[in-house]
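I wanted to look up the aromatic and charged side-chain contacts in this model. My notes follow below.

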Amino acid sequence: MNPFASIADQAKALRGRQVSSAELTQMYLERLKTVGQQYRAVALLLEDYAMRRAHEADATMGSAKSPLHGIPYGVKDLLSLANFPTEWGSPGHKGQVFDYDSTVVARLNAAGGVLTAKLASIELAGGGNYDIAGASSTGAALCAWDKTLWAGGSSSGPGAATALGPVAFSIGTETSGSITCPCAFNGLTGFRPTYGRVSRHGAMALCWTLDKIGPMCHSAEDCAIVLDTIAGSDPLDGSTFGEKLNLRRRSARPKIGLLKEDFKGNKAEACEKAYNETLSVLKKQGYETVDVAWPDLPYGMAMDLIVNAEGASAHENFIRGENFQKLADVNQVAGFAAALEVRAVDYLWAMRLRTDALKANAIWDKCDCIFTPIFYHRAPKADKPLGPQFENFGGDSITPSNLLGWPAMAFPIGFEDGAPLGGQIIAPARREDTCYKVVRDFQRDSDLHLRRPPGL
């Protein structure tokens with residue numbers, strides 16, 4: 001079986017008994033043990049657990065109701081799996097074990113999915129402001145397309161592993177770019193759902209009012225299957241809502257808003273070409289575009305204050321404990337320590353600005369979604385400090401949409417020097433269907449999501 005086959009094709013092969021879940025799982029486990037570990041994408045291999053799950057899936061294949069029944073997958077090591085280590089990418093949390101499954105893992109397992117691995121993460125999801133790609137107990141996860149480049153973060157392992165083919169799909173988390181970034185750097189399609197769409201029970205908290213969980217896959221169709229499975233209200237997470245996810249609802253073709261993109265100032269010729277070619281495909285399909293702009297507000301300052309204050313609160317005992325100095329990045333040690341000193345008045349200012357930021361909803365009077373590059377450039381070097389490399393990198397649209405809890409779908413739009421560039425469709429809250437529709441249509445007339453890293 002092709003490890004890059006779509007979820008639908010794998011499900012069809014499983015139902016037709018052309019392949020067994022045990023055979024699929026063994027194939028993916030071998031890829032995890034070889035290419036997955038070579039690119040530092042694996043936090044914990046679950047070989048025995050996965051094979052038990054695969055044999056159970058084979059035994060019940062005749063009564064399978066979910067397209068994920070028997071499909072191997074991986075999750076970012078922020079999500080708990082009962083009685084197995086969940087170390088949050090942190091050297092200071094080595095051996096940490098919970099006695100319950102996260103809701104997302106429980107829902108995927110109930111659908112018959114086969115969890116094969118916990119995947120690498122930037123330590124504590126990047127809280128404290130990391131500055132090196134190796135800010136993780138597993139070291140720097142490497143870009144699937146070029147081992148000298150970084151896989152992105154903080155969902156580094158899901159990004160690299162999915163692109164390399166050691167898992168059929170993966171689950172990442174995002175507070176401010178942690179799904180969209182590794183999707184862009186590795187040529188993946190990923191869904192950051194509306195805040196509250198997916199339960200975070202059993203997932204490490206970085207920022208209670210901003211954290212989201214979503215799928216990282218090869219296509220919009222695969223993302224839709226996974227998100228359908230994990231979405232929904234959960235009494236164990238009071239932030240969730242019960243409105244049914246209807247990705248395939250019939251609606252008029254969305255009007256696409258375009259922000260003013262500073263390609264020239266960011267020396268982003270390759271990205272400008274990819275952006276224009278993507279728009280050309282969408283316009284040929286009948287999509288209309290209109291120029292839009294964000295309200296002029298200090299989104300980034302507010303985001304930083306909220307993440308620092310809530311992250312310091314969530315991890316206060318660790319920050320004040322003896323294992324704190326074990327973190328791999330000294331920048332995070334300093335950042336978390338400083339975050340303990342965020343003043344309540346500053347945090348409340350940032351939260352009030354979020355209310356002001358709701359003015360940005362006026363943008364939806366002009367359009368139904370926004371198309372913008374995720375970053376203006378390909379992945380940065382894995383062996384150099386990230387800060388200087390991210391100058392002129394763009395990505396400003398990540399912050400307002402995350403602050404407001406809006407959904408976005410990342411997808412590949414082109415290449416720069418042989419490594420992927422990503423774009424995203426951002427939509428209003430609870431309109432994941434709009435993101436899905438635009439990216440699905442684009443991928444019907446594009447092969448970018450079907451291209452694979454060299455040598456695979």
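**Aromatic pairs and salt bridges**

I looked up Phe169 to begin with: at 1% relative accessibility, Phe169 counts as buried (buried is under 20% relative accessible area, exposed over 50%, partly exposed in between, with a 1.4 Å probe and protein chains only). Tyr73 is buried too, at 0% relative accessibility. I found that Tyr73 and Phe169 form a stacked aromatic pair, 5.3 Å centre to centre with 5° between the planes. For the terms, rings of Phe, Tyr and Trp (its six-membered ring) pair if their centres lie within 6.5 Å, and planes under 30 degrees apart count as stacked, over 60 as edge-to-face and the rest as tilted. This pair links distant parts of the chain, 96 residues apart: Tyr73 is in strand β2, and Phe169 is in the loop between α5 (156–164) and β6 (170–174). Helices (H or I, at least four residues) and strands (E, at least two) are DSSP runs, numbered from the N terminus.

I note the basis here: this is a predicted model, in which local features need pLDDT of at least 70 and side-chain atom pairs count only at pLDDT 80 or more, while totals for chains, interfaces and linings use all residues. Residues are numbered from 1 along each chain as its sequence is written, and side-chain values use heavy atoms, with hydrogens and water left out.

I searched the whole structure and got 21 aromatic pairs. In one of them, the rings of Tyr49 and Phe84 have centres 5.4 Å apart and planes at 70°, so I list the pair as edge-to-face. Tyr49 is in helix α3 (residues 47–59), and Phe84 is in the loop between β2 (72–76) and α4 (103–110), 35 residues apart. Tyr49 is buried at 13% relative accessible area, whereas Phe84 is partly exposed at 24%. I also noted one aromatic cluster, formed by Tyr130, Trp150, Phe185, Phe375, Phe390 and Phe393.

Next I looked up salt bridges (a side-chain nitrogen of Lys or Arg within 4 Å of a carboxyl oxygen of Asp or Glu), and the structure holds 17. Asp433 and Arg249 meet in one of 3.2 Å, N to O. Asp433 lies in helix α15 (residues 432–444) and Arg249 in the loop between α7 (220–230) and β9 (256–258), so the pair ties together parts that are 184 residues apart in sequence. Asp433 is buried at 4% relative accessible area, and Arg249 is partly exposed at 31%.

I checked Arg320 as well: its salt bridge with Glu316 has the closest N and O atoms 3.0 Å apart. Arg320 counts as exposed at 57% relative accessibility.
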